[in-house]
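Please read them alongside the coordinates.

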Amino acid sequence: MKPLHARYPFMRAAREAVEAAEIDLATVVQRGGPAVERGLDRVESALEDGTVGEPHRESRVELLSYPIARVLVSIVDEAVLTRSYARAEASSAHDRFTAELASTTQLRSTSADSLTLRELLAEFELLEHVRPESGQLSEADRYRIDVGPYLDLAAGQWGEEWRLVNRPLADGEVPLEESELLVLCRRAVEQRVESGLPLSVPDVIAEPLEEAVARIRETLAEMDLTRDIDTVVPDLFPPCMRALLDQIQQGEHLEHHSRFAITSFLTSIGMSTDEIVELYQVNPGFGEEMTRYQTEHIRGETSPTEYSTPSCATMQSYGDCVNMDDRCERISHPMAYYEDALEDADEDEVTDWRERQES
Ligand code: SF4
C-alpha cells in the first residue's frame with residue numbers, strides 16, 4: 001500500500017489496494033487497535049472541526065481507517081453526520097492536493113508518490129471536460145470546463161461568483177482559475193465519499209464497533225443541544241460574530257467566508273430569512289435580494305446542502321476569529337460559546353432581539 005493511497009483513500013486505486021491485500025474488515029474491527037481508533041477519530045474530527053484529523057504515521061492504518069469511518073457513519077445513519085463527514089474528507093483532501101500540486105508545479109517534476117492534476121481529474125472523469133487555456137495541463141493556471149460538469153460541481157458552492165450568470169460562458173465552456181478548479185475537485189471528492197452511504201453493515205462488523213458508535217452518538221447529541229438555541233441576543237454573541245454583525249451594520253464589505261459565517265450563525269440560532277434581512281437592514285449598502293439569496297442558500301432551500309456554522313478552527317483559518325475572550329478558551333465552536341453565554345446570563349439580560357423590535 002502506497003502513502004498516496006493513505007492520503008487519498010477514496011480513490012479507486014486505494015480501494016483496489018485494500019482488496020488486493022485481501023484484508024478482512026471484520027477481523028480488523030474485532031481485533032480493535034489503531035485502525036479502529038483512527039476511524040473513530042476521522043468521524044469525530046469531522047463533527048468537531050470539519051477535518052479528518054491528523055493522519056496516522058503508518059499508511060496501512062491510515063488507509064484502513066477510511067472504510068472503518070464509513071462503516072461507523074453508516075451505523076449511526078444520521079443525515080447531518082453523513083454530510084459533515086463527506087465534507088470533512090473532501091476538505092482535508094483539498095488541503096492536501098492543493099499543497100501537493102503547488103509543490104510539484106514549482107519543482108516542475110513529480111515523484112512517483114505525488115498526485116498529478118491529470119490523475120486527479122481522471123479519477124473523477126473530468127479529464128475529457130477540462131482544458132488548459134494555453135500550454136500543458138500541468139503548467140497552466142487557467143482552465144476551461146464544460147458547462148455540464150461545472151453545473152453539477154458548482155451547485156453546492158457558496159458565493160455569487162459560482163452562479164452561471166456571473167461566469168463568462170463561451171462555446172459551452174466555463175473559464176476557471178486553478179484554485180477554482182480544485183474547489184470543484186473538492187466537491188467531486190465529497191460526492192464520491194457520500195455515494196453509497198449508508199452502507200449495509202453486517203452484525204459481525206457492527207457489534208465490535210458498538211462503543212465507537214456510542215461515542216459518535218454522544219457527540220451528535222451535544223451538537224443537537226446547541227441547535228435548540230433559538231433566542232436572539234446580539235449582546236451575548238461570540239466576539240467573532242459580534243464583530244461581523246457590526247461590520248455589516250456599518251455598511252462594510254465582507255468577504256464571502258465572513259458573510260457565510262455570520263449568516264449561518266444567525267440561521268442556526270433560529271432566525272428566519274425575513275428576520276436576518278431586517279437585522280442587516282441597518283447596513284447602508286444593504287442588498288435585500290443578495291441577503292435573501294445567501295440566507296436561503298445556507299438554509300438549504302436553494303442548494304443541495306444545509307450549511308452549519310463554521311467551527312472556531314475554521315474561523316481562525318479565515319482570520320474571522322477576533323477579540324477572543326475567556327469563554328473562547330473553553331469552547332471550540334461559536335455555537336457552544338453562545339449556548340454557554342445564554343446559560344450564564346441573568347434572566348433580565350436575555351431579551352430576544354425580536355421582542356425588542358416589537359416593543
Ligand atoms: S474562539 Fe471561536 S467563538 Fe471565540 S472569537 Fe474565535 S471563533 Fe469566535
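1. The shell around the ligand consists of 10 nonpolar residues, with no polar and no charged residues. The model is a predicted one. Two prolines, Pro 238 and Pro 334, belong to this shell.

2. Which residues of the second largest pocket lie closest to its centre? This pocket has a volume of about 390 Å³. Its lining comprises 16 residues, of which Pro 9, Arg 15, Tyr 66, Pro 67 and Arg 70 are the closest to the centre. Helix H2 (12-20) and helix H5 (59-76) are the elements that each give two or more residues to the lining. By class, the lining of the second largest pocket divides into 10 nonpolar, 1 polar and 5 charged residues.

3. The volume of the largest cavity is about 30 Å³.

4. The lining of the largest cavity includes Arg 7, Arg 42, Arg 96 and Glu 89. Pro 9, Phe 10, Val 52, Ala 93 and Ser 92 also line the largest cavity. In terms of class, this lining has 4 nonpolar, 1 polar and 4 charged residues. Helix H6 (residues 79-107) contributes the most to the lining, with 4 residues.

Notes
Residues numbered from 1 in each chain as written. Predicted model: local features only at pLDDT ≥ 70, side-chain atom pairs only at ≥ 80, totals over all residues. Heavy atoms only, no water. 1 Å grid on protein atoms, 1.4 Å probe; cavity = no way out; pocket = protein on both sides within 12 Å on 5 of 7 lines; lining within 4 Å. Points joined across faces, edges and corners; volume = space filled by probe spheres on them. Nonpolar A, V, L, I, M, F, W, Y, C, P; charged D, E, K, R; others polar. Near = heavy atom within 4 Å.
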